[in-house]
Amino acid sequence: MSVREILSAIQESRGMPPFGTITVARRWIDKELDSWEILDAAAAVYMHLNELLRVGHGASGIEACDLEGGFGDCVSAQLPVMSGYLPCMHIGRSELISHFSAPDGSVLAGLSEEFEVDEEKAQKAFVEYQLSKFPEGDAIARVPGMMRIARQVMEKDGHHGTFAFLFAGESVLNIVAMNYDSQRTKRLSFESLAHLVESSRADGLLMIGEMWVGVQTELEKKLGTVLIPARDRVDKAEALSIYAVTRDGRQVNQVCMVERGPNGEARCSDPIEYDPGVMNTVIPILSKWKEMESRGL
């Protein structure tokens with residue numbers, strides 16, 4: 001059955017929900033390796049071979065492979081230090097998983113987008129935005145420096161996109177622009193990000209973006225919950241948020257409030273650290289790390 005035939009069968013079945021999300025996921029498996037998706041297993045083998053070749057080149061004093069030939073678009077002579085994963089091997093970007101809106105069957109796509117940093121444009125941006133040196137360290141260590149940069153961008157442009165940075169130790173593996181227009185697609189975008197965490201073997205995540213902040217009512221404080229999300233409150237306030245989590249259980253969160261001038265210009269307050277507990281957006285990432293641990297990854 002094609003994905004569309006599967007979707008039609010679901011829509012025509014009894015008990016079709018009036019709202020929600022339908023996810024159709026294909027998996028190729030072998031009975032001798034039933035805990036692995038075949039393409040993911042092949043990619044993992046490629047990663048190990050890449051590391052073997054990289055170490056061999058290093059031991060031989062060869063800085064770069066000089067092979068030439070009819071490789072595919074994403075295959076080159078480069079031997080990456082970190083994951084060694086080819087872009088086409090990322091399960092999160094494959095055509096194996098599709099999301100649809102119930103019950104109309106419209107495709108939910110464009111949830112996130114990986115991109116490569118253009119060094120020349122990045123240097124121009126640093127000059128234009130009068131940015132300080134790009135912070136170094138792992139996901140946790142970079143939070144204060146990234147907040148300084150985010151505040152400068154926010155005050156100059158009046159807005160800030162939502163970006164995810166995936167780390168392996170102190171190295172940035174991927175930068176992902178997160179795109180969502182509802183809580184439903186927001187959750188799906190972080191599920192997709194969790195797949196990328198596994199395929200790239202990332203052990204740290206840093207998120208930057210705008211958020212709404214609301215003050216709990218006395219009733220909510222008494223009940224120990226939030227009855228009305230901040231985005232739906234009349235008294236909601238705008239803020240810039242950065243948080244980082246790592247596979248070893250560390251977490252840091254910083255937020256600065258944003259005030260608007262008469263012409264919409266943004267002014268950012270000094271950042272403060274806060275502890276929101278386990279955020280919903282992080283749950284897919286934490287679950288993926290736990291799953292990876294059980295599989296020995």
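First, my rule for a charge over a ring: NZ of Lys or CZ of Arg has to be within 6 Å of the ring centre and within 35 degrees of the ring normal. I'm working on a predicted model, where local features need pLDDT of at least 70, side-chain atom pairs count only at pLDDT 80 or more, and totals for chains, interfaces and linings use all residues. Residues are numbered from 1 along each chain as its sequence is written, and side-chain values use heavy atoms, with hydrogens and water left out.

Entry: charges over rings. I found arginine 295 over the face of tryptophan 36, 4.5 Å from the ring centre. I also found lysine 236 with its charged end over the ring of tryptophan 212, at 4.3 Å from the centre.

Entry: ring pairs. I looked for Phe, Tyr and Trp rings (six-membered ring for Trp) with centres within 6.5 Å, to be called stacked with planes under 30 degrees apart, edge-to-face over 60 and tilted for the rest. I got 0 aromatic pairs.

Entry: salt bridges. I took a side-chain nitrogen of Lys or Arg within 4 Å of a carboxyl oxygen of Asp or Glu, and my count came to 12.

I picked arginine 151 and aspartate 270, whose closest N and O atoms are 3.6 Å apart. This bridge links distant parts of the chain, 119 residues apart: arginine 151 is in helix H4, and aspartate 270 is in the loop between strand S9 (266-268) and strand S10 (272-273). I take helices (H or I, at least four residues) and strands (E, at least two) as DSSP runs, numbered from the N terminus. I also noted one network, in which salt bridges with shared partners join Asp40, Glu198, Lys288, Glu291 and Arg295.

Next I checked arginine 250 and aspartate 138, which form a salt bridge at 3.0 Å, N to O. Here too the pair links distant parts, 112 residues apart: arginine 250 is in the loop between strand S7 (237-246) and strand S8 (251-260), aspartate 138 in the loop between helix H3 (119-128) and helix H4 (143-157).

Buried or exposed? I call a residue buried under 20% relative accessible area, exposed over 50% and partly exposed in between (1.4 Å probe, protein chains only). Aspartate 138 is buried at 17%, while arginine 250 is partly exposed at 36%.

Last, a local pair: arginine 54 bridges to glutamate 51, with the closest N and O atoms 2.9 Å apart. I see both in helix H2 (residues 38-59), 3 residues or about one turn apart. Arginine 54 is partly exposed at 26%, and glutamate 51 is partly exposed at 30%.
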